Amino acid sequence: MGYFQMTKTVVKSIIHGPSTIRYPAVPGKRTPISRGHVTIDPSKCISCGMCMRKCPANAICVERQAKTWEIDRFRCHVCDCCVEVCPVHCLTMENTYTPAATVHEGRELVQVTYVKPEKPAKKEPEE
Ligand code: SF4
Ligand code: SF4
């Protein structure tokens with residue numbers, strides 16, 4: 001029975017081609033519901049650290065003083081959790097094909113450019 005199943009699979013693969021693809025030579029298939037790649041709009045990030053605290057893979061590091069946001073793409077398993085918890089919606093999950101990366105390219109450091117607006121001056125009480 002085992003040999004029969006195996007022969008069937010081999011013949012099917014010979015006729016239709018294998019089910020796997022030769023990534024990264026051949027880009028992965030994308031569909032409208034595919035998750036892809038976490039991206040940030042650094043002009044909106046308020047460095048609250050919520051994404052870092054909620055990330056189950058410890059893939060994000062937010063340095064409030066240095067105003068940096070860093071992601072380790074080899075740790076990220078694309079769960080979308082950080083995107084859901086960001087209070088200012090500056091994280092998005094891009095549905096794009098991501099080329100293969102080396103270990104050095106896995107970490108991405110982004111300089112946050114958000115500037116907190118100044119509070120309006122208090123009005124002096126009229127006499
Ligand atoms: S998608 Fe998930 S694993 Fe990836 S950085 Fe966001 S919370 Fe972490
Ligand atoms: S990306 Fe969003 S959740 Fe993460 S530190 Fe910036 S504002 Fe906070």
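Predicted model: local features only at pLDDT ≥ 70, side-chain atom pairs only at ≥ 80, totals over all residues.
Trainee: What is the volume of the largest pocket?
Mentor: The volume is about 370 Å³. A pocket here is an open set of points on a 1 Å grid over the protein atoms alone, where a 1.4 Å probe fits, with protein on both sides within 12 Å along at least five of seven lines. A volume is the space filled by probe spheres set on the points, which are joined across faces, edges and corners.

Trainee: Which residues lie nearest its centre?
Mentor: Gly36, His37, Arg73, Thr98 and Pro99 do, out of 20 lining residues; a lining residue has an atom within 4 Å of a point.

Trainee: And which strands supply at least two residues of that lining?
Mentor: Both β1 (37–40) and β5 (107–111) do; strands are DSSP runs (E, at least two residues), numbered from the N terminus.

Trainee: What about the second largest pocket, what is its volume?
Mentor: About 170 Å³. Its lining includes Cys45, Arg64 and Tyr114.

Trainee: Changing topic, how many residues has the largest nonpolar core?
Mentor: It has 16. Such a core is a set of buried (under 20% relative accessible area, 1.4 Å probe, protein chains only) Ala, Val, Leu, Ile, Met, Phe, Trp, Tyr and Cys residues joined through side-chain atoms within 4.5 Å. Val38, Trp69 and Leu91 are among those with the most contacts inside it.

Trainee: What does leucine 91 touch?
Mentor: Leaving out residues up to four places away in sequence, its contacts (heavy atoms within 4.5 Å) include Val38, Ile40, Cys51 and Trp69.

Trainee: Which conventions apply?
Mentor: Residues are numbered from 1 along each chain as its sequence is written, and chains are lettered from A and ligands numbered from 1 in the order written. Local features need pLDDT of at least 70, side-chain atom pairs count only at pLDDT 80 or more, and totals for chains, interfaces and linings use all residues, while side-chain values use heavy atoms, without hydrogens and water.

Key: Helix = DSSP H or I, 4+ residues; strand = E, 2+ residues; numbered from the N terminus. Buried < 20%, exposed > 50% of the residue type's maximum accessible area, 1.4 Å probe, protein only.
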